[in-house]
Amino acid sequence: MTADTARTVPDEHRAEVERLREHLCALHAELPRWKLVTWTSGNVSARVPGADLMVIKPSGVSYDDLAPADMVVCDLDGRVVEGGRSPSSDTASHAHVYRARPDVGGVAHTHSAYATAWAARGEPIPCVITAMADEFGGDIPVGPFALIGGDEIGRAVVATLRGHRSPAVLMRGHGVFTVGASARAAVKAAVMCEDVARTVHIARQGGPLERLPQEHIDALHDRYQNVYGQ
Ligand SMILES: O=C(CO)[C@@H](O)[C@@H](O)COP(=O)(O)O
């Protein structure tokens, strides 16, 4: 993809685009820090508020080498608007999520080991611990296998998350996609997804799991989303 010279970043969004370039750079550093990716196998994007634009990382660039100037600005059809590098392979899918979900301000994708092992089995992670009720409000669902490169993954993410409170979906045979009100929230969901995937996997080695009662899941989710923290 090359920059579409017919489209540019409007002046009124310039400051926010520059802020998001910096912010996304810092967020991408969180992926290896939390051991959610190997080599270059994950990506994060952010919607530019009030514009039909998003900022996403370039494809296949080492996280250590990423600089704010490397981030690529695309429109919500996934076309490059500004940037000298090819955008992430998952650009069209991120763009689809932003088009379909106006509430979403950030999208993250990882291949974190435990969560991807659940995805490889095509098995949802059952809500058996409070941390899952808090962040995900229930099970973490599985989406169908979809090829990389077009918007198929994005379509499957949106369809699978419909009817779930979970901001995370395990894409079958692939890995984790998360959404959030912000890019930081999407990365947080990816960190939490790997944490619960690991804990629930370990728990199951010792015997059968028992899903939390629905009324407890509801109460925990409500408290964490509306009361917890500052
Ligand atoms: O999942 C895959 C490939 O299996 C890609 O999303 C991942 O490698 C990241 O690709 P990009 O560097 O964002 O193009």
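A residue is termed buried if 20 or more other C-beta atoms lie within 10 Å of its own, exposed if 12 or fewer do, and partly exposed in between, with C-beta atoms placed from the backbone. The structure is a predicted model, in which local features need pLDDT of at least 70 and side-chain atom pairs count only at pLDDT 80 or more, while totals for chains, interfaces and linings use all residues. Residues are numbered from 1 along each chain as its sequence is written.

**View 1. Overall fold of the protein chain.** The chain comprises seven helices and eight strands, taken as DSSP runs (helices H or I of at least four residues, strands E of at least two) and numbered from the N terminus. Its radius of gyration is 17 Å, close to the 17 Å that the globule rule gives for 230 residues, so the chain is as compact as a globular protein of that length. Here the radius is taken over C-alpha atoms, and the rule is 2.2 Å times the number of residues to the power 0.38. The C-alpha trace spans about 60 × 35 × 30 Å along its principal axes. Of the 230 residues, 43% count as buried. A UniProt annotation from an unreviewed entry, "domain: Class II aldolase/adducin N-terminal", covers residues 22-201; such annotations may be inferred rather than shown by experiment. That span is 37% helix and 19% strand, and its end C-alpha atoms lie 35 Å apart.

**View 2. Surroundings of the ligand.** Around the ligand lie Thr-40, Ser-41, Gly-42, Asn-43, Ser-59, Gly-60, Ser-88, Ser-89, Asp-90, His-109, Ile-148 and Gly-175, each with its backbone-placed C-beta atom within 6 Å of the molecule. This shell divides into ten polar residues, one nonpolar and one charged. In this scheme Ala, Val, Leu, Ile, Met, Phe, Trp, Tyr, Cys and Pro are nonpolar, Asp, Glu, Lys and Arg are charged, and the others, Gly among them, are polar.

**View 3. The largest nonpolar core and Ala-186.** A nonpolar core is a set of buried Ala, Val, Leu, Ile, Met, Phe, Trp, Tyr and Cys residues joined through C-beta atoms within 7 Å. The largest one has 60 residues, and Met-54, Val-55, Ala-186 and Cys-193 have the most contacts inside it. Helix H6 (residues 183-205) supplies the largest share of this core, ten residues. Apart from neighbours within four places in sequence, Ala-186 is in contact (backbone-placed C-beta atoms within 7 Å) with Val-44, Gly-106, Val-107, Ala-108, Thr-178, Val-179 and Gly-180.

**View 4. Helix H2 and its packing.** Eight of the ten residues of H2 (residues 91-100) are buried, so the helix is largely enclosed by the rest of the structure. The buried residues are Thr-91, Ala-92, Ser-93, His-94, Ala-95, His-96, Val-97 and Tyr-98. They pack against strands S1 (43-48), S2, S3, S5 (106-110) and S8 (175-180), and against helix H5 (152-161).

**View 5. Asp-70 in its loop.** Asp-70 is found between strand S2 (53-56) and strand S3 (72-75). It counts as partly exposed, because 17 C-beta neighbours lie inside 10 Å. Leaving aside neighbours within four places in sequence, Asp-70 is in contact with Pro-58, Val-61 and Arg-85.

View 6. Most residues other than glycine have a negative phi. The phi of Lys-35, however, is positive, near 60 degrees, and that of Trp-39 is positive at about 60 degrees.

Definitions and conventions
Contact = placed C-beta atoms within 7 Å.
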